[in-house]
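Let's take a walk through a protein model together. Keep the structure open as you read, and look for each part as it comes up.

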Amino acid sequence: MQSSLTTRIFVALAAGLIFGTLSRVFFADVDFIHQTLIHDLFGTAGGLFVSLIKLMVVPLVFISIVNGVCSLENLGQFGRLGTKTFLLYLVNTVLAIAVALTLALWLAPGEGAGLTLNGQPFTPSFTEPPSLLQLVASVVPSNPFKAFVDGNMLQILFMAIITGIAIKGLGGEETRAAARGFAIANKVMMKLVVMVMSLAPLGVLFLTTGLAATLDTRSIAAVGSYVGSNIAIMLLWMLVFYPMVVSLFTGISPWLYLAKLREQIFFSLSTASSNATIPVTFKTLTEKLGVDKTVAGFGVPLGATMNMSGSAIYMTVATIFVANAYGTGLDASQMVALATTTFMLAIATGGVPGGAAVMTGVLLHQLGLPMEAMAIILATDRICDAFVTATNVVGDTAVSTLVAKTEGSICHNALKSTDNILVEG
């Protein structure tokens with residue numbers, strides 16, 4: 001089903017580009033086609049699809065995080081094992097942002113695109129980023145309902161964690177009943193994701209048609225540079241950085257490591273959902289890499305919630321692309337704000353299709369960049385999002401493998417069960 005959906009999405013993407021380009025080249029003066037059909041009808045339909053995705057983000061993030069905390073066997077797992085896993089996930093995200101920022105500034109996606117707003121050059125209005133103390137203080141909401149209405153992901157994350165801890169503190173049947181309730185709610189949200197994503201081919205068709213109908217050749221080339229830069233950086237992180245780090249600290253050959261992850265990578269590319277890939281990630285760790293089930297059982301759900309290196313790369317590159325495409329650029333203080341905000345948003349990004357794209361909208365708003373650029377981000381999201389998910393879940397596997405090595409919880413016999421070799425470190 002997923003492969004069929006992916007095929008339909010790519011077909012819709014190609015059809016939208018062709019239809020939009022033809023309308024721009026041959027029917028630019030025909031109001032019915034260019035204005036009524038594409039701008040009004042397709043634009044409205046594409047906006048509805050985007051709204052459907054945004055509709056799910058807040059409840060999905062809250063429920064999935066509460067469910068993740070409830071899935072822990074006991075809160076004692078927040079001890080040594082939890083500290084190692086948590087810190088490695090944070091370090092991974094920081095490094096991903098630093099590398100993405102450096103490479104994106106060098107590659108300069110979107111430079112020279114010359115995009116405008118209603119024919120006028122865009123004038124940025126960057127908001128002053130909060131101080132560290134303000135950022136910490138703002139995590140605790142004074143009004144939980146306002147946090148949900150505003151979509152403040154950091155506050156929602158905080159409420160989800162303390163809710164999960166409170167449920168674990170009930171004990172006995174009460175904890176099991178509440179945990180089952182959130183597990184069912186999480187399944188309901190996953191079902192909603194599937195239902196909305198079944199409309200993705202139409203959504204992509206509408207959005208891409210509108211995009212191609214308004215962009216000239218130079219702008220389309222700039223969009224291509226954005227997509228190419230994003231994918232290249234994520235492939236570097238996924239296929240080079242992670243295998244080399246795992247090899248350095250565990251002695252597992254990079255080639256063997258990647259061979260063990262083939263199923264996980266292909267599955268994540270097709271689903272574009274970290275949450276949907278959790279069972280495959282767990283199987284990869286325990287059966288193919290020999291990681292103890294306790295380590296995997298803690299690291300995988302937590303990673304699907306907060307280890308979003310792919311999302312961090314995506315948001316960083318997308319923001320620099322938008323700044324370049326509209327001719328504004330970013331100064332040093334704005335890049336600091338970009339890195340800090342991206343770090344927080346990446347942790348709060350839900351492991352669902354389109355989650356990083358939605359968070360990119362939050363980031364653009366925070367930095368005062370034009371939200372109209374979201375049409376481009378969303379139209380190309382299905383291509384980039386597949387690689388975002390693959391990068392995220394390979395990162396989950398890498399961190400869990402490193403933690404298992406420090407705990408002495410890797411079964412090397414599982415690694416030697418194939419015709420590949422293990423390079424002992």
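Start where helix 14 (residues 309–325) packs against helix 18 (residues 381–406), at an angle of about 145° and with their axes 7 Å apart. Axes here are lines fitted to C-alpha atoms, for helices over the stretch in contact, and angles run from 0 to 180 degrees between N-to-C directions. Helices (H or I, at least four residues) and strands (E, at least two) are DSSP runs, numbered from the N terminus. From helix 14, Ser-309, Gly-310, Ser-311 and Tyr-314 meet Asp-381, Cys-384, Val-388, Thr-391 and Asn-392 of helix 18; contact means heavy atoms within 4.5 Å. Sorted by class, this contact of helix 14 with helix 18 has three nonpolar, five polar and one charged residues. In this sorting, Ala, Val, Leu, Ile, Met, Phe, Trp, Tyr, Cys and Pro count as nonpolar, Asp, Glu, Lys and Arg as charged, and the others, Gly among them, as polar.

A word about the model: it is predicted, so local features need pLDDT of at least 70 and side-chain atom pairs count only at pLDDT 80 or more, while totals for chains, interfaces and linings use all residues. Residues are numbered from 1 along each chain as its sequence is written, and side-chain values use heavy atoms, with hydrogens and water left out.

Now follow helix 18 itself. Of its 26 residues, 22 are buried, so helix 18 is largely enclosed by the rest of the structure; buried means under 20% relative accessible area, exposed over 50%, and partly exposed in between (1.4 Å probe, protein chains only). Just after helix 18, Gly-408 takes a positive phi of about 65°.

Next, return to helix 14 and find its other partner, helix 16 (residues 355–367): they pack at an angle of about 45°, with their axes 9 Å apart. That makes helix 14 oblique to helix 16, since angles under 35 degrees count as roughly parallel, over 145 as roughly antiparallel, 65 to 115 as roughly perpendicular and the rest as oblique. Among the residues that make the contact are Met-315 and Ala-318 of helix 14 and Leu-363 and Leu-364 of helix 16. The contact of helix 14 with helix 16 divides into 10 nonpolar, three polar and no charged residues.

Finally, step back to the whole chain. The protein chain has 19 helices and zero strands, and 52% of its 425 residues count as buried.
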